[in-house]
Amino acid sequence: MHSCRLFKSWPFRPALVLAALFLVSPFLIAGGASEKPLPDDSPADGFPVSVLDSFDRRVIISREPKRIVSLAPNITEILFALGEGDRLAGRSSWCDYPPGVENVPDAGSLMEPNIEKIASLRPDLIIASAHFQRGSLDKLDRLGVPVLILFGPESFDGLFYTIDKLAGLVDAEAAASRIKTDMRRRIEAVQEKTAGLARPKVYYVIDFGAGGDYTAGGNSFIHQLLTMAGARNIAEDLKGWAYSVEMVIQGDPDLIICPDIPGFRERLTASPGYRSLRAVREDRVFQIDVDLIDRQGPRLIDGLEVLAGIIHPEAFR
């Protein structure tokens, strides 16, 4: 959805839902074996280093990487935030931020990396994140280049962990420290501004209609963000993504937040069931750039601030 501008034009409903579930699901709180933190085998002592990645694979990185292929938008965004974007020899077609990243050669999608293209880029390290397919991993392993699957637990601490791991590989620990300090400061500012305020009921729309109604349940990181922003998620008891318009009506949200996909809001507010909601009748349906809240990258703090501003505009004027 979103993350990729690919899905920011309508209609792409099946792709929208698939992308939403693919990109949001790594933020589920209840993690499997692959979601446990990497061991603390920091490369700070120099190369070669041995890293146990998020697929529980021991990856040997023989030297400091100078030509990285990133197959995940969050990895690309973290490298740029660290000031190390010039190390990118390639990026996934879903990596569309920050501006200028389009000048980095396209190495294929998350699901279908272009193996021949990646080989031609002569990388010394390939990094992917959640949702990377093991079938693709087998093909990349044949290139003889280290492939690191890297993602942390589904929280800001998980993001910090990923930032630290990448920073250790590219000698950017000082930049990582600055990024984390700034993010913590901004998190505290949001929490201070929303402390003690009434917590409106919010419904977050991933998709709706004939193809199914989808939202972020209580075991998602988006639920955490909504809570941190000072809201009550009406789907907090949901485990998973499938919802129904009947449940939305029963939840009677004070406001609705949906993707900023062209035409999405208009379709939602005109659709049966949704158009009768109090939040729709009172014109309290808001849009958000979902890239800000479903990528485990540095812009998560921007997403938290935007959410808080939507939910508590009086506190962020």
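Colleague: Let me start with one side chain: is Arg-295 buried or exposed?

Modeller: Buried means under 20% relative accessible area, exposed over 50%, and partly exposed in between, using a 1.4 Å probe and protein chains only. Arg-295 is buried, at 5%. Keep in mind that this is a predicted model, where local features need pLDDT of at least 70 and side-chain atom pairs count only at pLDDT 80 or more, while totals for chains, interfaces and linings use all residues. Residues are numbered from 1 along each chain as its sequence is written, and side-chain values use heavy atoms, leaving out hydrogens and water.

Colleague: Which residue does Arg-295 meet in a salt bridge?

Modeller: A salt bridge is a side-chain nitrogen of Lys or Arg within 4 Å of a carboxyl oxygen of Asp or Glu. Here the partner is Asp-96, at 2.9 Å from N to O. Arg-295 sits in the loop between helix H11 (291-294) and helix H12 (300-311), and Asp-96 in the loop between S4 and helix H3 (115-120), so the bridge ties together parts 199 residues apart in sequence. Helices (H or I, at least four residues) and strands (E, at least two) are DSSP runs, numbered from the N terminus. Asp-96 is partly exposed, at 22%.

Colleague: Where do Asp-182 and Arg-185 lie?

Modeller: Both belong to helix H6 (residues 173-194), three residues apart, about one turn of the helix.
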